[in-house]
Amino acid sequence: MPRPLVATIDISALQHNLRIAKSHAPDAKIWAVVKANAYGHGLERAIRGFAEADGLALIEPENALRLRELGWQKPILLLEGIFDAADLETVMLAKLDFAVHCTEQIAWLERAAQSGPLDVHLKMNSGMNRLGFKSDVYRTAYQRLRTIPAVRKITLMTHFANADDPLNPGLPLLQQVQQFEQGVAGLPDERSIANSAADLMHPELKSDWVRPGIMLYGASPGATSAEQFGLRPAMTLRSKIIGIQRIEAGEAIGYGSRFVAAGPMLIGAVACGYADGYPRHAPNGTPVLVDGVRTGTVGRVSMDMFSVDLTNVPGAGIGSAVTLWGEGLPIDEVAHAAGTIGYELMCALAARVKVVEL
Ligand SMILES: *Cc1c(COP(=O)(O)O)cnc(C)c1O
């Protein structure tokens, strides 16, 4: 008798969303980003959902090897590159592309002598100040890579902080684009710049490769809803009501008694808690569907359960169907209510949650 909490992954939605990504950048090749276990959706399902992508990109070397074991033969890109000189053997054996973002990584390649071929993605720090070479030293790094016999292909890469909010005064998108253009001026190699937000919102930014992540899973990278972009949710998290309480004015719900009823209420306990990936910081009123009716959470989310207001859900009782997010309730709305983003919710789906495919 399994718990009623189930995440359904819709492979056809992954395929559909990949086509949307492609439609926004018809001339570009696509790295489908599958880091963090394909944003919680599972690598095996990602392989099927993104079979038409030109490559898969991720962070975790061990998962890159797993993709090879699962039969993915097209390119695989390590977005943060290698973490140690010893990783070079792995990238050669598994034929992985990898980012190069610091001089230490270049030194590791120089020591690797003549072996190869290596396809590297030289990352520019165009203003985000996490990884990469600043614009003024980018060309030096490029030339140094070019003198390494093992290096075959160099792709020119950067990452945007605010493609979903291009006028952000902290770092306007245009400023990053200009930094990038300056740093790569005259270099003949392919460019790889666009995440989901740039792919969906900035067709003017020409890139040989786009790197969509979140949109492929049917969530939005910014304020515009996923539905407005024509995206379909790939993950739907559903559970059931497993307990019912009738309470009177003045009675409280859950740990810390954060919610106190103002009048008589019907309360349902949902089999889903923070140990499943539901955000513990979700406030009262975070949206939930019960039997298709939109209602909200009440009281603190506990490890295995949280409570919902059923007062206005006709006929609700033990066994009523609950949707936490996905089909009928965009993950971005739940995330927004909980002060986070859809990315975090889907990535946090816990290992104990049963996953089924549609
Ligand atoms: C995660 C990531 C992406 C994808 O970003 P989304 O906002 O999910 O589309 C693209 N490029 C790099 C380098 C990343 O780390």
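An oxygen atom of the ligand is 2.9 Å from a polar backbone atom of G213, a polar contact being a pair of N or O atoms within 3.5 Å.

| Residue | Atom in the residue | Distance to a ligand oxygen atom |
|---|---|---|
| G213 | polar backbone atom | 2.9 Å |
| I214 | backbone N or O atom | 2.8 Å |
| K35 | side-chain N or O atom | 2.7 Å |

Taken alone, the ligand exposes 380 Å², of which the protein buries 92%; areas follow the Shrake-Rupley method with a 1.4 Å probe. The ligand is surrounded by 13 residues, with K35, Y39, S196, I214 and Y343 the closest; a residue counts if one of its heavy atoms lies within 4 Å.

The model is predicted, with local features requiring pLDDT of at least 70 and side-chain atom pairs pLDDT 80 or more, while totals for chains, interfaces and linings use all residues. Numbering starts from 1 along each chain as its sequence is written, and side-chain values use heavy atoms, without hydrogens and water.

The largest nonpolar core has 115 residues, and V34, F50, F98, L109, Y278 and L324 have the most contacts inside it. Such a core is a set of buried Ala, Val, Leu, Ile, Met, Phe, Trp, Tyr and Cys residues joined through side-chain atoms within 4.5 Å, where buried means under 20% relative accessible area (1.4 Å probe, protein chains only). At least three of its residues come from each of domain 1 (11–219) and domain 2 (235–357), bounds taken from an automatic or database domain assignment. A second, separate core of seven residues includes I247, I253, F259 and I267.

How values were computed. Buried means under 20% relative accessible area, exposed over 50%, partly exposed in between (1.4 Å probe, protein chains only). A polar contact is a pair of N or O atoms within 3.5 Å; within protein, one must be able to donate a hydrogen and the other to accept it, and residues adjacent in sequence count only if both atoms are side-chain atoms.
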